[in-house]
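Please keep the sequence and the three-dimensional view at hand while reading.

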Amino acid sequence: MLDAHLLPEFGTERIETITAEQFEQWRDRLVKDGARSRKTVNKIATQAHAIFQHAAERFDLGVNVASQVRRLRESNDSGRFDFFSPQDVEMLAATAARGAHRDLNRPAVSDSKRTLRTEDDRQDGVIYLTAALAGLRRSELLALLWEDVDFEHSSIRIYEGYAERKTGKPKSRKSRTVPMIDQLGAALTDLKGRGHHTARRDHVFVSRLGTELDGSALRRRYITAHDAAGLRPLRFHDLRYTFASVAINVASITQVQAWMGHADVKTTMRYLHHKSRDDDARLLSAAFHPYQPPR
């Protein structure tokens, strides 16, 4: 939070010169760009509040301006979060893979450039599939190594997340293994056929220089791709929700919790709102079948 949000905005200013109005405008910008939820923005603002409060208590800062700005209202309706359908995901991946999201006014100037663009586009398509069909976070996608992809046992092991050029454990602080469905296995097999950066310790998704991808640039390309595919504007993170919302229809809640890496089952339970109720309806219909309502 410090490196990504607070220092870029306030790092060069004296803390006593920052106003509540300036703090609120910064907070509102974080919401408007659509890259993070209101809950996440409130967490960032809370971190700033703690820093201002420390300055007030220890270094005689007169006013904690963060305390003068109200928290953003968060929606508590767990059934209202949105996600793509499997068909939407296929369309998104296909749009990226064929480069349909690229600006036609900026064509590649050489055969080598066209080849590089083709590889970039194909990789982006596989990234979107991996996020939606295996439920990986963006940081986990950036950290994924080929040795973590177990083709023999149709699974993906998630050991690290990647953020701000630092690696560490996933957000839940626990490693996990998720199933790799046939469609995703085929896409990753095809990607591995690129002939470079496919050693065990190489990253699965790499830049043209073979380095880790830039997460912000990936998000921008994703936005361009889903616009080109004609899909509604959902966040990159909503691809992960797609996985959970489909998985909950065929697996137990404890399985989905493990696959998603949720520390608390309450987080997983919100996906139950999107579980098909067909079987429940048939069960109750059979129970009420002998009942004849009064005429």
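This is a predicted model: local features need pLDDT of at least 70, side-chain atom pairs count only at pLDDT 80 or more; totals for chains, interfaces and linings use all residues.

At 3% relative accessibility, Ser 245 counts as buried, because buried means under 20% relative accessible area.

- Helix 9 spans residues 238-247, and nine of its 10 residues are buried, so the helix is largely enclosed by the rest of the structure.
- The buried residues of helix 9 are Asp 238, Leu 239, Arg 240, Tyr 241, Thr 242, Phe 243, Ala 244, Ser 245 and Ala 247.
- Which elements cover these buried residues of helix 9? The cover includes helix 4 (86-97), helix 5 (111-134), strand 5, helix 8 and helix 10 (253-260).
- A polar atom of the Ser 245 side chain lies 2.9 Å from the backbone oxygen of Tyr 241.
- Asp 238 has a relative accessible area of 6% and is buried; its side chain meets that of Arg 235 in a salt bridge of 3.1 Å, N to O.
- Arg 235, the partner of Asp 238 in this salt bridge, counts as partly exposed at 24% relative accessibility.

**The chain as a whole**

- The chain contains 12 helices and five strands.
- It has 295 residues, of which 38% count as buried.
- Considering contacts between residues at least 6 apart in sequence, 64% join residues at least 24 apart.

- Three strands form an open sheet in the order 1-2-5, and their pairing is antiparallel.
- Strand 1 (149-150) and strand 5 (176-179) are the edge strands, each of which pairs on one side only.
- How many bridges link strand 2 and strand 5? Strand 2 (residues 155-158) pairs with strand 5 in the antiparallel sense over four bridges.
- In this pairing, Ser 155 stands opposite Pro 179 of strand 5.
- Strand 5 has two faces: Arg 176 and Val 178 make up the covered one, whereas Thr 177 and Pro 179 make up the uncovered one.

**Loops and backbone angles**

- The loop between helix 7 (182-192) and helix 8 (215-228) holds Thr 211, and His 197 lies in the loop between helix 7 and helix 8 as well.
- Thr 211 and His 197 are 14 residues apart along the chain, and their C-alpha atoms are separated by 9.6 Å.
- Thr 211 is partly exposed at 37% relative accessibility, and its side chain is joined to that of Ser 207 by a polar contact of 2.6 Å.
- His 197 is partly exposed at 27% relative accessibility; its phi is near 55°, a positive value in a residue other than glycine.
- Asp 60 also is not a glycine, and it has a positive phi of about 65°.
- Asp 60 is located in the loop between helix 3 and helix 4. Is Asp 60 buried or exposed? At 71% relative accessibility, Asp 60 counts as exposed.

**Salt bridges**

- Side chains of opposite charge can pair when their charged atoms come close.
- A search of the whole structure finds 16 salt bridges.
- One of them joins the side chains of Arg 14 and Glu 16 at 2.6 Å, N to O. Arg 14 is exposed, with a relative accessible area of 59%, while Glu 16 is partly exposed at 45%.
- Glu 140 and Arg 137 also meet through their side chains in a salt bridge of 2.6 Å, N to O. Glu 140 counts as buried at 1% relative accessibility, and Arg 137 counts as buried at 9%.
- Glu 24, Arg 27 and Asp 28 are linked in a network of salt bridges.

**A nonpolar surface patch**

- Leu 2, Leu 7 and Ile 51 make a nonpolar surface patch of about 250 Å².
- Ile 51 is placed in helix 3 (residues 38-58) and is partly exposed, with a relative accessible area of 36%.

Conventions. Residues are numbered from 1 along each chain as its sequence is written. Side-chain values use heavy atoms; hydrogens and water are left out. Patches are made of residues with over 30% relative accessible area and no salt bridge: like charges are joined within 9 Å, nonpolar side chains (Val, Leu, Ile, Met, Phe, Trp, Tyr) within 5 Å. Accessible areas come from the Shrake-Rupley method with a 1.4 Å probe; for residues, only the protein chains shown count as cover. A salt bridge is a side-chain nitrogen of Lys or Arg within 4 Å of a carboxyl oxygen of Asp or Glu. Buried means under 20% relative accessible area, exposed over 50%, partly exposed in between (1.4 Å probe, protein chains only). Two strands pair if DSSP finds at least two bridges between them. A polar contact is a pair of N or O atoms within 3.5 Å; within protein, one must be able to donate a hydrogen and the other to accept it, and residues adjacent in sequence count only if both atoms are side-chain atoms. Contact means heavy atoms within 4.5 Å.
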